[in-house]
Amino acid sequence: MKNKKYYKTLNKKKNAKTIPKLIWSKLGMLLGVIIPIAMLIAYSMNENFFSIIRILSIFVLIISIAAYLKGEIIYSHPKVVHRGNIVENKKDSLSLNKGTVQVVLSILIIILLTYLVQIIYKVMG
C-alpha cells in the first residue's frame with residue numbers, strides 16, 4: 001500500500017453569502033422591525049403610516065451612518081492604518097462587505113419604497 005499525499009484546497013466558507021443576499025437579509029430584518037413599530041405608533045397617534053416609517057428610517061439611517069463613521073477613524077496619515085503593531089495600507093474605496101454600509105443601503109431602499117408605495121396608495125385609493 002502506497003502512502004499518497006492528498007493536498008486539499010481549503011474552503012474559506014462553506015455557507016458564504018453574496019452581497020445581494022446579505023443586503024436583502026438586512027432589508028428584511030429592518031422591515032420586520034420598522035413596520036410593526038410604525039403600525040403601532042400610527043394607530044395610537046392617528047398619524048400617517050408612511051410618514052412614521054420615514055421618520056423611523058431616517059432615525060436608523062443616522063445611527064447607521066454614525067456607526068460607519070465610528071469604524072472609519074480619521075488617522076494622521078490617511079493612507080496608513082495602525083492595527084496593533086502592524087501598519088497596513090488603508091483602502092480608499094467604499095466596500096459593500098461591511099455590514100454598516102449594507103444597512104445604510106437597506107435604509108435608503110426603505111425610504112425610497114415608502115415614497116413609491118405612498119404614491120401608489122394615493123393613486124389607487
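First, the ground rules. The model is predicted, so local features need pLDDT of at least 70 and side-chain atom pairs count only at pLDDT 80 or more, while totals for chains, interfaces and linings use all residues. Residues are numbered from 1 along each chain as its sequence is written, and side-chain values use heavy atoms, with hydrogens and water left out.

Now the overall layout. The chain has three helices and two strands, and from the N terminus on they run α-α-β-β-α. Helices here are DSSP runs of H or I with at least four residues, strands are runs of E with at least two, and both are numbered from the N terminus. Of the 125 residues, 21% count as buried; buried means under 20% relative accessible area, exposed over 50%, and partly exposed in between, with a 1.4 Å probe and protein chains only. The chain exposes about 10,700 Å², and carbon and sulfur atoms supply 66% of it. That area comes from the Shrake-Rupley method with a 1.4 Å probe. Contact means heavy atoms within 4.5 Å. Among contacts between residues at least 6 apart in sequence, 60% join residues at least 24 apart.

Next, α1 and α2. Two packed helices are described by the angle between their axes and the distance between the axes. For α1 and α2 the angle is about 130 degrees and the axes are 9 Å apart. Axes are lines fitted to C-alpha atoms, for helices over the stretch in contact, and angles run from 0 to 180 degrees between N-to-C directions. The two helices are therefore oblique to each other. Under 35 degrees would be roughly parallel, over 145 roughly antiparallel, 65 to 115 roughly perpendicular, and the rest is oblique. On the α1 side the contact includes Leu30, Ile34 and Ile35, and on the α2 side Phe49, Ile52 and Ile53 are among the residues involved.

Then α3, residues 99–124. This helix has 26 residues and reaches 37 Å from its first C-alpha to its last, close to the 38 Å expected at 1.5 Å a residue, where the expected span is 1.5 Å times one less than the number of residues. Its buried residues include Val103, Ile107, Ile110 and Gln118, and the buried residues of α3 pack against α1 and α2.

Last, one residue. Leu22 sits in α1 and is partly exposed, at 23% relative accessible area. Which residues does Leu22 touch, not counting those up to four places away in sequence? They are Lys17 and Gln102.
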